[in-house]
Amino acid sequence: MRDGTALPSAYCCSMSPSSTCPVPSAHRRLMDCHVHWHAAADAYMEPETFRLNLNSLIQGLRNVTFLLQSQKRDLPSFENWYGAWQRAVKDDLVMRWAVSARNRIVKQSDLEMHSTALVRLSFDWLNEVEEIVEVPPHYTTHRTIAGLLSAIPDLTEGVVTIERRWVDVELPSRELLDATRFVYGCLARVVKLAHGAAGIAVCDLATRKPECRAGAARVATVHGPVRRRPALARRPRHHDPAN
Ligand SMILES: [Zn+2]
Ligand SMILES: [Zn+2]
C-alpha cells in the first residue's frame with residue numbers, strides 16, 4: 001500500500017508507549033489496518049482468508065474515526081479540522097460505501113462479494129487468447145483452473161494465467177483492495193491533521209509494519225498442457241483487471 005499516506009515519522013518499537021502521539025489509539029488502529037490490508041492482499045487467491053482479513057480491515061478503518069471522535073475534547077481545534085475533513089469526504093462514493101460496508105459486516109453478514117477472473121491462455125508467442133469469466137466466490141485458484149481445463153476439448157501445450165478481481169456488489173466499479181486503500185489514505189490524512197493540530201511534527205509511534213511491498217498475489221499461472229478453445233475471443237492486452 002504505497003499511496004503517499006505516510007504519517008509524521010521517527011520510528012521506535014511499536015510496543016513502546018508513545019510520548020508524542022496526540023491520538024495513539026487512532027494511530028495504532030490505522031497501522032493495524034495497514035497490516036490487515038497486506039494480509040488481504042497476500043490472501044487474494046484464497047477466498048476464506050481474504051474475506052476474514054477484509055472484514056477486519058473494514059471494521060478497523062471505521063474505528064479510526066470512532067477513536068478520533070472519542071478524544072475530541074482533548075484535541076485542539078477538533079471541530080475545525082475534523083469538520084473540514086468530514087465535509088470533504090462525506091459525499092465521496094467510496095467513503096460512503098466504507099461506512100455502509102462496516103455496518104453490514106457488524107450488523108448483518110459478510111459483504112456480498114463477486115469475483116471475476118481474467119483468464120489468459122498462451123499457446124505460443126503468437127497465439128494468446130483471453131477472456132473475463134465469473135468465478136464463484138468460494139472457488140480457490142486450484143478449483144478455478146481445474147474447472148477451466150476440464151471444460152475445453154483439444155489438448156495442447158501452453159500456459160494458463162488467471163488474474164482474480166474481487167468487488168462488493170454495492171461498489172461494483174472499484175476493486176476491493178483499491179477501494180480500501182483509498183479509504184485508508186483518507187483516514188491517514190485526518191490522523192495527520194490531528195498531529196498537525198497538536199503541533200506534533202514527529203510522532204514516535206512505529207511506522208507501518210510490514211514494510212510496503214509491491215506484487216500482491218492476484219495472479220496464478222499454470223504451465224503445462226492446456227486445452228485450446230476456439231470460442232475464446234482475442235482481447236486487447238492492456239486490460240487492467242485489478243489495479
Ligand atoms: Zn503497505
Ligand atoms: Zn501518532
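Read along the sequence, the protein follows the pattern α-α-α-α-β-β-α-β-α-β, which comes to six helices and four strands. Helices (H or I, at least four residues) and strands (E, at least two) are DSSP runs, numbered from the N terminus. The model is predicted: local features need pLDDT of at least 70, side-chain atom pairs count only at pLDDT 80 or more, and totals for chains, interfaces and linings use all residues. Residues are numbered from 1 along each chain as its sequence is written, while chains are lettered from A and ligands numbered from 1 in the order in which they are written.

Of the 243 residues, 28% count as buried. A residue is buried if 20 or more other C-beta atoms lie within 10 Å of its own, exposed if 12 or fewer, and partly exposed in between, with C-beta atoms placed from the backbone. Two residues are in contact if their C-beta atoms, placed from the backbone, lie within 7 Å. Among contacts with a separation of 6 or more, 81% are between residues 24 or more positions apart.

Helix α1 (residues 24-42) has 19 residues, which at 1.5 Å a residue should span 27 Å; its end C-alpha atoms are 27 Å apart, in agreement. The expected span is 1.5 Å times one less than the number of residues in the helix. Buried residues of α1 include Leu30, Cys33, His34, His36, Trp37 and His38. Their cover includes α2 (47-70) and α6 (176-197). In α2, the buried residues include Pro47, Phe50, Asn53, Gly60, Arg62 and Thr65.

Helices α1 and α2 pack at an angle of about 160°, with their axes 8 Å apart. The pair is therefore roughly antiparallel. Axes are lines fitted to C-alpha atoms, for helices over the stretch in contact, and angles run from 0 to 180 degrees between N-to-C directions. Angles under 35 degrees count as roughly parallel, over 145 as roughly antiparallel, 65 to 115 as roughly perpendicular and the rest as oblique. The crossing of α1 and α2 is left-handed, a term that applies if the near helix is turned anticlockwise from the far one by less than a right angle (right-handed if clockwise). Residues making this contact include Ser25, Ala26, Arg29 and Trp37 of α1 and Phe50, Asn53, Leu57 and Leu67 of α2.

The axes of α2 and α6 come within 11 Å and cross at roughly 20°, so that α2 is roughly parallel to α6. This crossing is also left-handed. On the α2 side, Leu54, Leu57, Ile58, Leu61, Val64 and Leu68 meet residues of α6 that include Leu176, Tyr184, Leu187 and Ala194.

Strands β1 (residues 113-122) and β2 (residues 128-134) run antiparallel and are joined by seven bridges; strands pair if DSSP finds at least two bridges between them. The two strands form a hairpin with five residues between them. Leu118 has Ile132 of β2 as its bridge partner.

Two further residues were examined. Ser77, in the loop between α2 and α3 (78-89), has a phi near 55°, a positive value in a residue other than glycine. Ser77 is exposed, with 11 other C-beta atoms within 10 Å. Gly147 lies in helix α5 (residues 141-150) and is partly exposed, with 13 other C-beta atoms within 10 Å. The C-alpha atoms of Gly147 and Val135, twelve residues apart along the chain, are separated by 10.0 Å.
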